Amino acid sequence: MVSIRLNSKRRRLEDPAELASSSTNPCNKKEVQSPTTPDPMVGVSGSKSQGDQLFGNVLKQVHLDNVKLKPTIAKFISGLGALASSIQVEAIHVKRSSFVYETKLQSFNLLSEAMAKKCNDNPILKIGWYGASKEEIVDIITNGFIRSSYRHGVQFSAYDYPLDCLQTAIQDKDGLRHILICQVIVGKIEVVTPGSGQFQPSSEDLDSGVDNLFSPRKYTVWSCHLNTHILPLGIISFRVSPHSS
C-alpha cells in the first residue's frame, strides 16, 4: 500500500489553477479532449519546519488534509501503474508567496486570457510533470527555466502520465526524488518528431509541441516561451522502494 505522510500548519496559496478547470483545446480539434483538470494547488496550507529541512527558505510544505490537494496525490499515484505500490510520498511543497511571485502570477493570468481569446475564448492550460534533480528543481523555483539551459525547450509529461518523467527524477543524497508540478499554456499545438532537433514553433501561428495530436503524453514548451508559458505550482517528493523492478 502506498504510504503518504505530511506535516501541517495553515497557509494560503494563490494560483491560476481555476483557469485549468477546462483542459479542452479548441485550437486543435484533432486532439482527444481529456476530462476536467483538477485544481492541484489551490488553498493549500504550509509548515515551516519540514520545508526548511528540504528546501531552505525557498518553499513551504503543505499538508494532505486539504481536500483540494488529494486529487493531485491520487493522480500521481494512479499514473504510476504497477510501480505505485513501490512509491512512498514524503512531502509536497509550494513556493512562498512574494511580490515577484504575485507579479508572475498576474502576468501568467493575463497571457492565458489572451491565449483564450486567440483560441475561441477557451483557456488552453495543461498540468504537466517535470522530473529532475533536487538542485535543478530548486534552481527552477528560484530563477525559472533559464532559456540558455533549455535550448530545445522543456518537455513535460501530461497530467495522466507522471510515470513518464520518473526516470529523470534523480535521487538525492537522502534517497528522495522530486517532481515539479507546473501549469502550462500550450495554445496551438503541433507534433514534434523525436530527434528532429526542432527548437521553436514551425510557424508563428503555433505555440507548443506534442508527441501525439490525438492523445499527448508529452508537451514541449519552446525556449522562447519559457518565461511566460510555465507557472510552477509545487513539488512532490517521494521514495522508490529498492525492491521495485
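A residue counts as buried here when its relative accessible area is under 20%.

**Figure 1. Overview of the predicted chain.** By that criterion, buried residues make up 51% of the 245 residues in this predicted model, whose chain contains four helices and 11 strands.

**Figure 2. The ring pair of Phe76 and Trp129.** The structure holds seven aromatic pairs, and in the one shown here the ring centres of Phe76 and Trp129 lie 5.6 Å apart with their planes at 45 degrees, so the pair is classed as tilted. Because Phe76 belongs to helix α2 (residues 70–78) and Trp129 to strand β5 (residues 125–132), the pair ties together parts that are 53 residues apart in sequence. Both Phe76 and Trp129 are buried, and together with Tyr159 and Phe238 they form one aromatic cluster.

**Figure 3. The ring pair of Tyr130 and Phe145.** Tyr130 and Phe145 form an edge-to-face aromatic pair, with 5.5 Å from centre to centre and 85 degrees between the planes. Tyr130 lies in strand β5, whereas Phe145 lies in the loop between α4 (134–143) and β6 (154–158), so the pair ties together parts that are 15 residues apart in sequence. Tyr130 is buried, as is Phe145.

**Figure 4. Lys134 and the ring of Phe55.** In this view Lys134 lies over the face of Phe55, at 5.6 Å from the ring centre.

How values were computed: Residues are numbered from 1 along each chain as its sequence is written. This is a predicted model: local features need pLDDT of at least 70, side-chain atom pairs count only at pLDDT 80 or more; totals for chains, interfaces and linings use all residues. Side-chain values use heavy atoms; hydrogens and water are left out. Helices (H or I, at least four residues) and strands (E, at least two) are DSSP runs, numbered from the N terminus. Buried means under 20% relative accessible area, exposed over 50%, partly exposed in between (1.4 Å probe, protein chains only). Rings of Phe, Tyr and Trp (its six-membered ring) pair if their centres lie within 6.5 Å; planes under 30 degrees apart count as stacked, over 60 as edge-to-face and the rest as tilted. A charge sits over a ring if NZ of Lys or CZ of Arg is within 6 Å of the ring centre and within 35 degrees of the ring normal.
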